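The account begins with individual side chains and then turns to the arrangement of strands and helices.

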Amino acid sequence: MLRLWGRPTSTRTLKVLWTLSEIGLEFDFILASATMGANGSVYRGHRPHGVVGEPAYRAINPNGTVPTLDDDGFILWESNAIVRYLATAYAPTLLYADDLQVFARAAQWMDWDNNHL
């Protein structure tokens with residue numbers, strides 16, 4: 001079973017959640033906050049999630065950020081890398097038309113988004 005650590009108010013986590021939904025994959029979602037203070041994310045009165053500062057989490061993601069994916073022991077962090085992995089591993093035809101140029105163009109725009117928006 002896939003496991004995803006993230007914060008629902010994180011745009012980086014949301015892109016992974018969207019990908020999982022498009023593919024139709026089942027997964028466990030573990031609330032985890034990014035680097036937003038000692039108690040984690042407290043956004044609009046929500047409770048802190050914590051987790052990312054704990055040694056067990058830092059062992060799988062030394063950056064202490066979200067999202068992080070565990071696919072049966074294969075750990076991956078960084079949202080764009082996770083999206084590319086999920087699409088290629090589970091739905092290359094659905095999301096990339098099984099076409100390298102479509103994949104490359106999608107990767108280009110995802111990287112542009114991370115760097116410019």
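Tyr96 has a relative accessible area of 7% and is therefore buried, since the limit for that class is under 20%. The structure shown is a predicted model. Phe103, at a relative accessible area of 24%, is partly exposed. Tyr96 and Phe103 together form an edge-to-face aromatic pair, with 4.8 Å from centre to centre and 80° between the planes.

**Aromatic pairs**

The model contains 4 aromatic pairs. Another of them joins Trp5 and Tyr57, again in an edge-to-face arrangement, with the ring centres 6.1 Å apart and the planes at 70°. This pair connects distant parts of the chain: Trp5 belongs to strand β1 (residues 2–6) and Tyr57 to helix α2 (residues 55–60), and the two residues are 52 apart in numbering. Trp5 has a relative accessibility of 9%, so it counts as buried. Tyr57 has a relative accessibility of 3%, so it counts as buried.

The geometry of these two pairs is set out below.

| Aromatic pair | Centre to centre | Angle between planes |
|---|---|---|
| Trp5 and Tyr57 | 6.1 Å | 70° |
| Tyr96 and Phe103 | 4.8 Å | 80° |

**The sheet and its hairpin**

Strand β1, which carries Trp5, is part of an open sheet of 4 strands, arranged in the order β2-β1-β3-β4 with mixed pairing. The edge positions are taken by β2 (27–31) and β4; each has a single partner strand, and so one side of each lacks a neighbour in the sheet. From one strand to the next, the twist averages 15°.

Two helices pack on this sheet. Helix α1 (residues 11–23) touches β1 and β2, and its direction makes about 155° with that of β1. Helix α3 (residues 79–90) touches β1, β3 and β4, and its direction makes about 135° with that of β4.

Within the sheet, strand β3 (residues 68–71) pairs with strand β4 (residues 74–77) in the antiparallel sense, over 4 bridges. Thr68 stands opposite Trp77, a residue of β4. The two strands β3 and β4 make up a hairpin, with 2 residues between them.

**Summary**

Methods
Residues are numbered from 1 along each chain as its sequence is written. Side-chain values use heavy atoms; hydrogens and water are left out. Rings of Phe, Tyr and Trp (its six-membered ring) pair if their centres lie within 6.5 Å; planes under 30 degrees apart count as stacked, over 60 as edge-to-face and the rest as tilted. Buried means under 20% relative accessible area, exposed over 50%, partly exposed in between (1.4 Å probe, protein chains only). Two strands pair if DSSP finds at least two bridges between them. Axes are lines fitted to C-alpha atoms, for helices over the stretch in contact, and angles run from 0 to 180 degrees between N-to-C directions. Contact means heavy atoms within 4.5 Å.
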